[in-house]
Amino acid sequence: MTQFRARRTWLVLGVVVAVIVLAGSGLLSPRTSVLVDDVAQLVGGATATVVCWWTSRRHPGVERRWRTLMALGMAGWTLGMFFWAFYRSVLHVPLPSPSIADIGFFMFPVFAVPALLSLVRESPRREAIGPIHLWLVLTLDGLVVVGGLFILTWTTALGAVVHTGPTGSLGFLVAVMYPITDFVLIAMVLLMVIGPKAVAEIREPLTFLGCGLVMLSLSDSLYAYLVAIGAESMPTIADAGFIAGPPLIALAALTKRTEPRNRDAPEQWRSDRTQLLLPYLLIAVIATIVTVQALIVGNLDAVVVILGVGVLVLALVRQILTLLENDALLQQISAAQDELRYRAHHDPLTELANRAAFDEHFASAIENYRLTNSDWVLMLVDLDDFKQVNDRYGHPAGDRLLVALTARLREAVPKSAFVARFGGDEFTVLLQGPIDDAVVVARRIVDALSSDQTAETSVSVGASVGVAKFELADEPLSAHALLRRADAAMYEAKRSGKGAVVVYCDRRED
C-alpha cells in the first residue's frame with residue numbers, strides 16, 4: 001500500500017510538472033498556451049474538490065471535517081477559476097481583474113482556515129488551559145506571523161510597488177488581498193508544523209496541504225505584483241502555483257493519518273519552545289530590517305509603523321496569555337502534588353490515614369512524649385468476624401461495610417485523635433491524654449462498631465480493642481514495643497470473648 005501511494009504521488013507530480021513545462025515552454029501558441037493553462041487549473045481544482053469530498057465520506061470526526069471544509073473551499077476556488085478561464089480563453093481578457101472570479105477565489109481561505117483549525121490538537125501541556133485558550137493563542141501567533149510577513153514584504157518589495165502603482169483602483173486593492181489571505185494560511189501551517197499540535201500522525205497530509213497552499217500563494221503574490229505595476233497580462237509560467245496547488249491538496253486528502261506516537265518529554269518541550277519563540281524571533285528580524293531601512297532612507301513608512309505597533313501589541317497580549325498559562329500550569333502542578341501527597345498518606349477505600357502516615361505520626365508522638373512526658377495512648381482496633389463477610393458476601397460487600405464502620409469510628413473518637421487504617425480490618429488510634437479517658441473512648445469504639453452493621457449482611461461484626469500506654473519500665477520506649485503490647489492486649493480481648501477492651505499496662509479486662 002505504501003508503494004502504491006508513492007507511485008501515485010510521483011505520477012501526480014509528474015503530470016503537474018509536464019503541464020507546467022508544456023504551458024510555459026513557448027512551443028504552443030499564446031492562445032493555446034493560455035487554454036492549456038486554464039484547463040489544467042480547472043481540472044486540478046475540480047479534481048481536488050471531488051477528492052476532498054469523496055475522502056471525507058470515508059472518515060469520521062476531525063478527518064471528515066477538515067476534508068469537507070477543504071472541499072467547499074476548493075469548490076469556491078474552482079468556480080472562480082471557471083469565470084477566470086471564461087474571461088481569458090473565451091472573452092480574451094488577458095488579466096481579468098477585478099472580476100466576478102475573485103468572489104470564488106476568496107471563498108477558498110474562508111473554508112481553508114477552519115479546515116486547518118480543525119486539525120489543531122491539544123498538547124498534554126495545555127489540557128488544563130482549555131480549547132478556547134488554545135485557539136486564542138494560535139490566532140494571536142498567526143496574526144503576529146502574518147503581520148510580520150506582511151511588513152517584510154512591504155519593506156522589501158510591495159511598498160515600493162504600491163507607491164508607484166495605481167493604488168486607488170479596485171483591481172489593485174483586490175490583488176493585495178490575495179497575498180494577505182495566503183499569509184494567513186501559510187502562517188497557520190507553519191505554526192502547526194512546529195507546534196505541539198502537529199504530532200507525527202498528521203505530518204504527511206499536513207506537508208502536502210502546506211505545499212499546496214505555498215504554491216497557490218506564490219502565484220497569488222505574482223498576480224498581485226503584476227496588477228500593482230499595471231501589467232496587461234499574466235504569463236502562463238506565473239500560473240505554475242495555480243496548476244500545482246490543487247493536486248497537492250488532493251494528495252493531502254488522499255493521505256491517511258498514521259498511527260499515533262507518544263513523544264517523549266524533551267521532544268515535546270522543544271516543540272512548545274519553538275512555537276513560543278517564533279513570533280518573537282520574527283519581531284526581532286522585523287526590528288532589524290526596519291532599523292536598517294530607517295538608517296539608510298532616513299524615515300519610516302506609515303504602514304510599517306502602524307503594522308509594527310499592531311504586531312507589538314499582539315505580541316504583548318500573547319505574552320500575557322503565556323504568563324496566565326504558566327500560572328495555570330503551576331496551579332495544576334501544585335494541585336497534582338497535593339493530590340499525590342494525600343494519596344501517599346491516605347487509604348484509598350476509607351480515606352483514613354494509611355500505615356505510612358501512621359508511622360510518621362506515631363514517631364512524632366513518641367518524640368513528644370520523650371520531650372514533655374505528657375500522657376499518650378495507643379489503641380489497636382480489630383474487627384471481629386469480619387472475614388465471614390468477605391467469605392459469604394464477597395469483597396465488594398466487605399468494602400462497603402468497612403466504609404460504614406470507618407464513619408462510625410470517626411464519630412466515636414475525639415477530633416484530636418489520630419485514626420489510621422493499619423491494614424485489612426485493623427485500625428489504630430493515637431490519643432493524647434490519661435489512660436482512663438482513653439479507656440472511655442475505647443469502649444465508645446466497641447459500642448459504635450458492635451451495633452447492627454448493614455442491611456445486606458446478616459453477619460454480626462464487632463470490635464476488640466487493645467490499649468497501650470506510652471510508658472515502658474522494663475525496656476526502652478519504641479514504636480515496635482508499643483505496637484507489640486497493643487497487639488498483645490487486643491488478642492487478649494479477642495480471647496476473652498471479643499467485643500472487649502484490654503489495657504496492657506495493668507493486664508486486666510475492662
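A residue counts as buried under 20% relative accessible area, exposed over 50% and partly exposed in between, using a 1.4 Å probe and protein chains only. With that in hand, welcome to this predicted model, where local features need pLDDT of at least 70, side-chain atom pairs count only at pLDDT 80 or more, and totals for chains, interfaces and linings use all residues. Residues are numbered from 1 along each chain as its sequence is written, and side-chain values use heavy atoms, leaving out hydrogens and water.

**Overall picture**
- The protein chain has 15 helices and six strands; these are DSSP runs numbered from the N terminus, with helices being H or I of at least four residues and strands E of at least two.
- Of its 510 residues, 47% count as buried.
- The accessible surface (Shrake-Rupley method, 1.4 Å probe, with only the protein chains shown counting as cover for residues) is about 25000 Å², and 65% of it belongs to carbon and sulfur atoms.

**Helix 8 and the cores**
- Helix 8 (residues 240-254) is largely enclosed by the rest of the structure, because 14 of its 15 residues are buried.
- Its end C-alpha atoms lie 22 Å apart, which agrees with the 21 Å that its 15 residues should span at 1.5 Å a residue; the expected span is 1.5 Å times one less than the number of residues.
- A nonpolar core is a set of buried Ala, Val, Leu, Ile, Met, Phe, Trp, Tyr and Cys residues joined through side-chain atoms within 4.5 Å.
- The largest such core has 38 residues, and Met70, Trp77, Trp84, Phe108, Met234 and Ile249 have the most contacts inside it.
- Helix 3 (61-90) and helix 8 are among the helices that each supply at least two residues of this core, and helix 3 gives the largest share, nine residues.
- Leaving aside residues up to four places away in sequence, Ile249 touches Cys52, Met70, Met74, Phe108, Leu209, Gly212 and Leu216, where contact means heavy atoms within 4.5 Å.
- A second, separate core has 32 residues, including Leu409, Val413, Leu431 and Ile445.

**Helix 15**
- Helix 15 (residues 479-495) has 17 residues and reaches 24 Å from first to last C-alpha, close to the expected 24 Å.
- Its buried residues include Leu482, Arg485, Met490 and Lys494.
- Among the elements covering the buried residues of helix 15 are helix 11 (355-372) and strand 1 (376-384).
- Just after helix 15, Gly497 takes a positive phi of about 125°.

**Val313**
- Val313 is found in helix 10 (residues 302-344).
- With a relative accessible area of 46%, Val313 is partly exposed.
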